[in-house]
Amino acid sequence: MKALVAVKRVVDANVKVRVKPDNSGVDLTNVKMSINPFCEIAVEEAVRLKEKGTVSEIIVVSIGPKEAQEQIRSAMALGADRGILVEADDSQLGALEVAKILKGVVEAEQPQLILLGKQAIDDDSNQVGQMLGALLGAGQGTFASEVKVDGDKVQVTREVDGGLQTVELSLPAIITTDLRLNEPRYAALPNIMKARKKPLDMKSPADFGVSTATKLKTVKVEPPADRKAGVQVKSVDELVEKLKNEAKVI
Amino acid sequence: MSILVIAEHDNKTLNGATLNVVAAAQKIGGDITVLVAGSGAQAVADAAAKVAGVSKVLLADNAAYANQLAENVAALVADVAKGGFKHVLAASTTTGKNILPRVAALLDVSMITDIIAVESANTFKRPIYAGNAIATVQSDEAIIVGTVRGTAFDPVAAEGGAAAVEAVSEAKDAGISKFVSEEIVKSERPELTAARIVVSGGRGVGSGENYHKVLDPLADKLGAAQGASRAAVDAGFVPNDMQVGQTGKIVAPDLYIAVGISGAIQHLAGMKDSKVIVAINKDEEAPINAVADYWLVGDLNTVVPELVSKI
């Protein structure tokens with residue numbers, strides 16, 4: 001079966017971002033960009049399913065600027081077979097528009113498994129996989145920490161508040177990955193070289209008949225309120241005294 | 001204006017998170033209806049009817065909703081929402097996050113995740129970039145769908161209301177998903193996201209055994225919930241539902257005690273709205289100290305037991 005994996009180019013997880021002085025957004029000039037960590041886990045899972053013989057072909061799709069080709073190439077270096085870049089200004093796209101474009105890609109490629117990260121670490125929305133499920137009328141296994149394909153069904157163990165829940169979905173199904181699903185591998189140099197030769201199609205949202213106008217407008221972006229500077233205490237006695245008398249929390 | 005709040009529950013009791021969502025709904029203003037979708041969930045509907053500020057409770061009692069499968073519940077919620085609601089809200093729990101985006105797509109509207117402030121009926125604040133920026137977003141959608149971060153709103157009273165309970169006969173079973181099993185971690189301690197005091201351990205505690213040896217007495221003494229950093233969860237010290245952070249639970253207790261936690265961005269996103277933060281770490285340069293109100297540099301294996309003996 002075919003697997004489709006959606007990946008997003010985002011600011012690197014270790015970067016401490018800064019809000020622009022005009023409050024229009026976050027300053028991303030000259031900031032290191034990477035593949036979203038949850039997306040990387042989705043790629044790894046698809047590759048593992050291919051190594052087990054469950055999946056025959058892995059298509060990786062990204063919606064974003066030209067530079068997102070780098071993230072598609074990284075996914076190919078990890079083992080994806082081919083890529084699709086839907087070129088768009090993703091800062092202007094909402095989760096619903098992204099889901100609609102992905103629906104177009106799914107209809108064109110007809111994958112049985114659609115893997116996404118549970119959330120992108122930039123907008124922290126945690127929406128696209130679920131929205132895609134609704135648009136396709138497919139089942140969803142969100143926050144997956146274990147995936148088992150069995151014939152035309154897939155069992156997904158989900159991380160829920162309070163513990164774990166296992167659901168069984170009919171294929172085609174959507175799976176969004178949680179951090180504990182797997183440990184993504186590192187791409188070896190020969191694989192990075194090979195990835196350069198793998199096919200990468202360029203598309204636009206218009207190819208899928210999707211208008212990119214979102215009705216959700218970001219009015220402003222501000223830094224969070226600063227916490228007032230704390231103090232170092234020298235002893236447990238001092239700590240207990242401060243908690244009891246100054247902060248009055250115990 | 002009318003607001004639909006999706007109740008969070010386990011078919012027996014109404015989850016406290018719902019009270020925070022009702023509080024957010026009151027800030028928007030309008031008639032508040034609570035939808036309870038479940039199986040054998042009459043007690044939940046009765047509890048919801050007593051919540052202050054709720055004017056009506058809808059109870060959809062059907063086996064198809066027993067385990068809150070998104071495919072079935074979302075179809076129901078979307079249908080109910082079309083009956084004249086301007087807002088659809090749920091808690092930012094794994095259940096809310098699983099179901100609501102699906103509802104939004106069925107209604108063909110955008111959605112707002114993790115609302116932390118209500119500016120007006122269509123303008124809200126939400127954190128982005130792991131809480132390193134706060135975005136103000138305005139929705140021009142006909143129906144505004146959003147999840148509410150519980151810790152950002154003080155819960156309304158669980159008693160005092162007298163809403164009528166109305167049955168919804170509609171049964172939506174998409175037939176594409178099935179509940180198989182669940183594994184719920186049992187704990188005698190207060191629930192993490194609702195606790196007044198949280199004691200959290202990180203990689204610095206060294207092992208699962210040491211986590212319990214060092215932190216259990218402190219949590220017991222303070223009547224605190226226990227949390228952990230991602231490093232501690234990934235190392236297998238404690239189960240994942242104890243994880244505090246961008247990808248785990250978001251907490252904002254009165255007192256958060258971070259023991260052996262360095263304070264990575266992803267962890268801070270889950271706890272930096274706590275009222276008082278205490279860090280106990282052997283590293284003087286640990287980033288956690290930058291958000292801590294009080295920090296103590298020392299070996300947690302000696303400092304924590306000493307702390308237990310003195311409080």
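This is a predicted model: local features need pLDDT of at least 70, side-chain atom pairs count only at pLDDT 80 or more; totals for chains, interfaces and linings use all residues.
Residues are numbered from 1 along each chain as its sequence is written, chains are lettered from A and ligands numbered from 1 in the order in which they are written, and side-chain values use heavy atoms, with hydrogens and water left out.

**View 1. K8(A) and D122(A) form a salt bridge.** A salt bridge is a side-chain nitrogen of Lys or Arg within 4 Å of a carboxyl oxygen of Asp or Glu; over all chains the count is 33. The N-to-O distance between K8(A) and D122(A) is 3.1 Å. K8(A) lies in the loop between β1 (2–7) and β2 (9–11) of chain A and D122(A) in the loop between β6 (113–117) and α4 (128–136) of chain A, so the pair ties together parts 114 residues apart in sequence. Helices (H or I, at least four residues) and strands (E, at least two) are DSSP runs, numbered from the N terminus. D122(A) is buried, at 10% relative accessibility; buried means under 20% relative accessible area, exposed over 50%, and partly exposed in between (1.4 Å probe, protein chains only).

**View 2. D123(A) also meets K8(A) in a salt bridge.** Here N and O are 3.5 Å apart. D123(A) lies in the loop between β6 and α4 of chain A and K8(A) in the loop between β1 and β2 of chain A, so this pair links parts 115 residues apart in sequence. D123(A) is partly exposed, at 29% relative accessibility.

**View 3. A salt bridge joins E70(A) to R9(A).** Their closest N and O atoms are 3.2 Å apart. Because E70(A) lies in helix α2 (residues 69–78) of chain A and R9(A) in strand β2 of chain A, the pair ties together parts 61 residues apart in sequence. E70(A) is partly exposed, with a relative accessible area of 46%, whereas R9(A) is buried at 14% relative accessibility.

**View 4. Helices α3 (residues 70–81) and α4 (residues 94–106) of chain B pack at an angle of about 50°.** Their axes, 8 Å apart, are lines fitted to C-alpha atoms over the stretch in contact, and angles run from 0 to 180 degrees between N-to-C directions. Residues of α3(B), including V73(B) and V77(B), meet residues of α4(B), among them I99(B) and L106(B); contact means heavy atoms within 4.5 Å.
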